[in-house]
Amino acid sequence: MLPRGSGGIVALGLGAALLAVLPLFVSSYYVELGTYALISAMLALSLQLLVGCTGLVSLGHAAFYGLAAYTVYLVTPANVGRSILLTLPLAMLVAALAALLVGALSLRTRGFFFLMVTLAFGQMLFFLFHDTKLGGGTDGAYLARPLLAIADWQLPLTRRQRPYAVYYVALALLTLMYVGLALLLRSLFGRVLEGIRVNEHRMQALGFNTYRYKLAAFVIAGLLAGVAGHMWAMHRGFVNPELLGWHRSAEALLMILLGGLTTLHGPIIGALAYTALGEVAQSITERKLLVEGLVVLAVVIALPKGLSGIGQLRIFRRTAATAPTAKAGPAEARADG
Amino acid sequence: MADAPNTSAPVLATRGLTRRFGGLIAVNDVSIALRQGELHAVIGPNGAGKTTLVNLLSGEIRPTAGRVELMGRDVTGEPAWRLTRLGIGRSFQRINIFAPLTVLENVRLSTQAVTVPASGLLRSASRAGDVIERAERALDRVGLAAAAGRLAGALSHGEQRQLEIAMVLASAPKVLLLDEPLAGAGPEESQRMTLLLKDLAREHALLLIEHDMDFVFAVADRMTVMAEGAILAEGKPEAIRANRAVQQAYLGAASPSSSREEDRGRGERGGGQ
């Protein structure tokens, strides 16, 4: 799950640095696209705690993400932004409570049934907003974006500056989330999740009440999805029921698959690649989903460990052992996706 | 006269323990008592219900009727994880380990399960020295200390059996339930295991399921013979050897290990319910 040795940590640091300087070189359109990619990365990363770390495949994860976004909407009076110090903890709390409820019930099932029950709960929450006037119904609703404010002091941002500020807030939160999860996985708690993924039955025989551990992981994952959902509301100033829908949940799973199931940084790479892929596909074809699907399929077949496992590809090993060959070229292009 | 009956209170006892699977009575009205310092072997032909009995004692499955008492306390129907924490340790007939994890991690998890309270779970796993030390002692005990850093899946079959025992010992149980710990082991490994089991029997209440009759008669202090889910006979090895009903039902039959696979399949079905 975690990078081994100094090489991996250096690579992660370089990746973070690259993301940090990106806004200096691209137009504001790409800064906003980048923010969206970072939000998706948070969503995928939070889901990885369940999928890659614990072996729980949920199809309802976006419900907590959307719920957090709607929480921001519901506590924001018309046209007046609330402080992020109020909206963020509140969004996390609501997402975590919902995850506690959904997890407590769905974790009584396993495997395929767990997938279906989480899907059902996700769709229930989707229709809660889709079919009621609670949050503007099917069309969604606009809200004043939360303020980057501490107590009474507010960051003095112009309209032009705001997207940049939001980008860095998202990047900071993603970094925090990664470091927090890395520490969690190194802890005794993280080792239990690993054991559950490998052989849950044996963990029970060893004396672990696996249900409680899985529920704890589910709540943490929901809470972190809440951070991502909050960032969405902050970024777009708009909520709609699709945020909670199964399509978004499936997208997060695809990002994990694309980036790699076996690493913690995989979902981040996957989310960035998926967002870039969507953008490229949209610019060259009207059948965006078809192109996306084919590329994801190709990557998953060619790279069982996702894009984060690209260094273990045969051609890379061979080039490392012998002289560089021309074959490395196309593979690198694929990594950029 | 050296074999005066062990009259200490049983550590683990069952009364009228019964388990049905549909129309089949896998375990029928079984009452046994495991005592401290005693190696209690359970033998019986294939399909006699031995593995189901272990599954009932360890909490893998719930009994249909009857009681299980651990040191006088009623623990009937408690889940496996709680029984492990209360002091019942078991090994599995089919090797059941964490193949992609290291040998040490397999054992460390076992120690962690019973020693680390919820409040200590956020400690770094690589710095939890007390947990690691206990796990290393258990590995040392079964002779696997040198393999601590290897992946469990890369061990030989016999070594994996030893690892199973180390995982049981690492939780410091009061009762050991060992389901065919010698299955598939070579002669050298069997010898090592025999010594280990004798040693362990001194400190624990030990229930052993085994097909190798020579081995069972050599190590058992007490034996229970099961047939078709019920107890056919119980007593000291000499008495069992002399028992006519046992001879007819089991010892007189063809080689007991000839159809071991059948029994294995049955045991699994029991465990899955």
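Because the model is predicted, local features are reported only at pLDDT of at least 70 and side-chain atom pairs count only at pLDDT 80 or more, whereas totals for chains, interfaces and linings use all residues. Residues are numbered from 1 along each chain as its sequence is written, while chains are lettered from A and ligands numbered from 1 in the order in which they are written.

Chain B is assigned two domains, domain 1 (8-87 + 175-273) and domain 2 (97-172), with bounds that come from an automatic or database domain assignment. The centres of the two domains, taken over C-alpha atoms, are separated by 25 Å. Ten residues of domain 1 of chain B are in contact with ten residues of domain 2 of chain B, contact being defined by C-beta atoms, placed from the backbone, that lie within 7 Å. On the domain 1 side, the elements that give two or more residues are helix 2 (80-86) and helix 6 (187-203) of chain B, of which helix 6 gives the most, with three residues; helices (H or I, at least four residues) and strands (E, at least two) are DSSP runs numbered from the N terminus. This side of domain 1 divides into four nonpolar, three polar and three charged residues, where Ala, Val, Leu, Ile, Met, Phe, Trp, Tyr, Cys and Pro count as nonpolar, Asp, Glu, Lys and Arg as charged, and the others, Gly among them, as polar.

The contact between the chains takes 26 residues from chain B and 16 residues from chain A. Helix 2 and helix 3 (103-115) of chain B each give two or more residues to the side that touches chain A, and helix 3 gives the most, with five residues. The chain B side comprises 14 nonpolar, nine polar and three charged residues.

In chain A, helix 8 (residues 210-236) has 27 residues and should span 39 Å at 1.5 Å a residue, which agrees with the 39 Å between its end C-alpha atoms; the expected span is 1.5 Å times one less than the number of residues. Of these 27 residues, 21 are buried, so helix 8 of chain A is largely enclosed by the rest of the structure, a residue being buried if 20 or more other C-beta atoms, placed from the backbone, lie within 10 Å of its own. Just after this helix, A:Gly237 takes a positive phi of about 65 degrees.

In chain B, strand 10 (residues 222-227) and strand 11 (residues 230-235) run antiparallel and are joined by five bridges, pairing requiring at least two bridges found by DSSP. B:Met223 has B:Gly235 in strand 11 as its bridge partner. The two strands form a hairpin with two residues between them, and B:Glu228 in the turn has a positive phi of about 50 degrees.

Technical notes
Contact = placed C-beta atoms within 7 Å. Buried ≥ 20, exposed ≤ 12 C-beta atoms within 10 Å, placed from the backbone.
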